[in-house]
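Hi,

Here is the structure I promised to pass on. Have a look first, then read my notes below.

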Amino acid sequence: MIYSYYPGCTLKDRAKQLDICARKSAEALGITLQELPNWQCCGAVYPQVTDEIASRLSAVRALQSAEGGKLVTMCSACHHVLKRTAYDWNADENFRTKAANYLAEDGGYDGATEVVHFLEVLRDEVGFDELKKKVVNPLTGRKIGAFYGCMVLRPGKVLAFDDPENPTIIEDFIKAIGATPVKYPYRNECCGAYVALEDKGSAEHQVDRALNSAMDAGCDELITACPLCMYNLVENATAHKLPVKYFTELLAEALGVKEG
Amino acid sequence: MENNAKFLTETALRISGVNPRKCMKCGKCSGTCPNYDAMEYHPHQFVAMVEKGQIEKLMQSKSIYLCLSCMACVERCPRGVEPGKLVEAVRLMQIRQQDKNHKGARDIPEFADESVPQQLLMAAMRKYRK
Amino acid sequence: MQKIGVFVCWCGSNIAATVDVEAVAEAVKNEPGVVFSANYQYMCSAAGQKLIQDAIHEHHLTGIVVCSCSPRMHEATFRKTAESAGLNPYMVEIANIREQCSWIHKDKEEATAKAIVLAKAAISKLRNDTPLQAGTSAVTKRCLVIGGGIAGIQTALDVADAGYEVDIVEQRPTIGGRMAQLDKTFPTLDCAACILTPKMVEASQNEKINIISYAKVEKVSGFVGSFKATIRKKARFVDETKCTGCSLCTTKCPSRKGKNEFNMNLDNRGAIYIPFAQAIPNVAVIDPEQCIKLKTGKCGLCEKVCSAGAINYKQEDELIEREYGAIVVATGFKPIDPSPLNEFGYADNADVVTSLEFERLMNAAGPTKGTLLRPSDGKHPKTIVFIQCVGSRCEENTKRGKPYCSKICCMYTAKHAMLVREKYPDTDVHVFYIDVRTPGKNFDEFYRRAAEQYGVDYIKGMVGKVAKEGDKLMVQGSDLINNEQVHIAADMVVLATAIEPDPTARSIGTMLTASMDTNDFFTEAHPKLRPVESPTAGIFLSGVAQGPKDIPETVAQAGAAASKVIGLLAKDHLVTNPCVAQSNELMCNGCSQCEKVCPYGAITYVEKEVRGPGVREVRRVAQVNPAVCQGCGACTVTCPSGAMDLKGFSNKQILAEVDAICRW
């Protein structure tokens, strides 16, 4: 299985482990992730208004560069922006027309690229049952909570990633790598997002509530797919602390390909 | 409605794609908002105030920078009003004005330490300035 | 040559505001055959009808065209008008210049031109009309009621009271329906069982009523007055004639894994069980999915303890075929599953319950014997939050529930809140509401009593998240009056879940060719004037199958449906529609296409001698049974040789209309 791969800026720096472990795990699973040449920032946030065209162009360029195949993302934010932009291209004529004008010189984009999260690849292409068979180092006995956050789930109609109110994909992933998933009610709520930059209190409030919820349900550690969630969960927790890892780190561990 | 308020209302409705008339005033958006207490105006008020043409108050409120863009109100609204999109529209209307950037690159060192991920900085800059 | 009169109705301003009615009357005056034309304010009024009758007499008219509303509205009226003036009633044509013209157009000039064309088309058709004679068909004096809840029971009792036989077909092992599961009823707080069970007994003891429980209607054919139904009575593995309902078997059964449906799955029952103590019939039933004997061949304990010898592991489904004159749909409802709206936490928390589950938790015959205890740990809840409108009033595109108001939730929530405060005064009760809707006799007084006398805390707002924390449920919601977000640590959360039609409704609707709306509620023949009849003749609607209703409304509608059934069954014969298909044997090539498409089984093929100019041979030809044909026209458009024609809507007549329109 060969996929185009869009790592995104944070995975080249602050979230290196998310990227490195993903690549190693992919290799172990017989998946080739081909990094898109010359990719640009996805835009970081999806502009929720119809007249923001330019801020979605770099996302379209990534879609264009993937040439109609499946484009794998790892970071929740990149996934969110790319998937919603791909949706807009096909659903919103106004956006498509204007964006196409900007991109005319670079050749066209036919709307065929499908944006998939690496978790979706594991669920839908590899299959969690198959993944389980390839685990050499099952994380038996570890009680792990999934922190979904917002961006992979909402809006459910566009992201179509999992049930936005009752997601199970990361829990199923946790099961596949041999650990025990622990569900808790705040797993699909906000981490505090970018507001943390200016209003630390808001982020602390969100994170404390989420961690309290996770610990109350019996989680010993959390995993996430989002560098922003990671930052907030680690840096802005005041009341409780829980170890937080990227999902790919545990995947690599279970597949026996993690260094050190 | 005076002319400016009318223009602002029309702009907010047009760029957000939100139809506040669909709102049945149930308050679910404000019931689900995780950052409610930090905000001066709450999600349901964004809908009601835009409908009433009171956009300038919203534009000048800190609330537009406190919405987490978590889309919980967008997902859970039973009438498909999607208040979060209105918050975004009002915020953009504010910062698109001349000299109305809320924060800029030079403000970053004040807030950011080395643990801050690039994604956060990018997101904040996209939210706070033109 | 016919002498045609044209009558243009204003329908007050409904037509006249958009169509120049005088111009229409004037424009058709010189059409071939037309000898009289007039316009009038309300043609359907007594004066308007007299105008028509006078013209028929004065001008010796042979047919009339009325340019007015839809024929669904007043075709029957004007046919009677014509008949009483001595005309054949089928020499009446309606040009629909209201629904198909004035109501949908704005430009008066264009609408007038269209009205003239529609009038001309009707005139052209009328020139080809011939008098038709209606036949008759016999009425089978028995009624089928599908569903044995309060709606079905009430309809059955009322029909039986008039002396007609009624069969109630109920899918569950007992009649009683949803009402049997309720604890108290609003606004009087009398116990549901106390007022329902006597009616159940009355139905079972009524000689005219035959209860067929644990059964489903599998097939229906025929038409009004003469339906044929096939009913599958599922094997109970218990002989109904022998079982005394002693319930000894149910206590001895070693299988305890079956979910107790009557208690909304809040506890378990044996594989052999009687749904509840007052069940009717009071006969045990074996759940084959749970029965150890039926699954493994071992056990047989119930057979050993049954002194009546009623257990029969070899019992098979039974098929019953019966004829009915009328069919009543009383299929009822179920609460929606609130799991997908998991911000309310139903899927993850035992102490988040639906209102119907709450009824069982409050009911003396329920899993907690009427003591309100939390399902998770059996403790008394000290703080309860009720959330209204869960899955109701949602815009359809959001996929978050039903677009309609479920109508009963405001009142039952007030009831629940009041009952809790009455029984457990130390319990705090909060109700989140969007609107409190209480239009009904003594309803608003009831709700106000809950708030004022019982101190129920009504919060105008909606809950956005329910999260378990320790042994509490943290309820986060908005209080719009105080403009604040509230957080309540609750012990229990009750969701006033929307109601939806029973899942069997759609297939029953299809079987009966009875129309339904997009929510699977049965459609009435007229939303105001014929609320208990389906547009399909002979099918009547009772209870929530037609739309959300409370008990008093359901009982009233059930009685109304019964009166319509009685009106039908009181007739020995029905006048049949003479607009039926007929086959021209000379043109028929015996291909059988028409027989295949006929939904009523009205067409048969016979070998017979066909005689015509230059033809005299024995051939296989189609024959239509006019008593069975409903005039749908499927055969006429299917027939490849043009041999099938529909009386009153012959190919010639329809082409004449089309020609008239094309000449525009």
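Let's begin with rings: those of Phe, Tyr and Trp (its six-membered ring) pair if their centres lie within 6.5 Å, and planes under 30 degrees apart count as stacked, over 60 as edge-to-face and the rest as tilted. Over all chains, the structure holds 15 aromatic pairs. One of them is tilted: Phe7(C) and Phe36(C), because their planes are at 50 degrees, with ring centres 5.7 Å apart. Phe7(C) is also buried, at a relative accessible area of 0% (buried means under 20%, exposed over 50%, partly exposed in between, with a 1.4 Å probe and protein chains only). Over in chain A, ring pairs join Phe118(A), Phe128(A), Phe173(A) and Phe247(A) into a cluster.

A quick word on the source: this is a predicted model, where local features need pLDDT of at least 70, side-chain atom pairs count only at pLDDT 80 or more, and totals for chains, interfaces and linings use all residues. Residues are numbered from 1 along each chain as its sequence is written, chains are lettered from A and ligands numbered from 1 in the order in which they are written, and side-chain values use heavy atoms, leaving out hydrogens and water.

Now the cysteines. A disulfide is a pair of cysteine sulfur atoms within 2.5 Å, and the count is one over all chains. That disulfide joins Cys191(C) to Cys194(C), S to S 2.2 Å. Its torsion about the S-S bond is about 95 degrees, so it is right-handed. Cys191(C) is partly exposed at 21% relative accessibility, while Cys194(C) is exposed at 52%. What keeps Cys67(C) from a bond? The closest cysteine sulfur, in Cys9(C), is 9.5 Å away, too far for one.

Cheers
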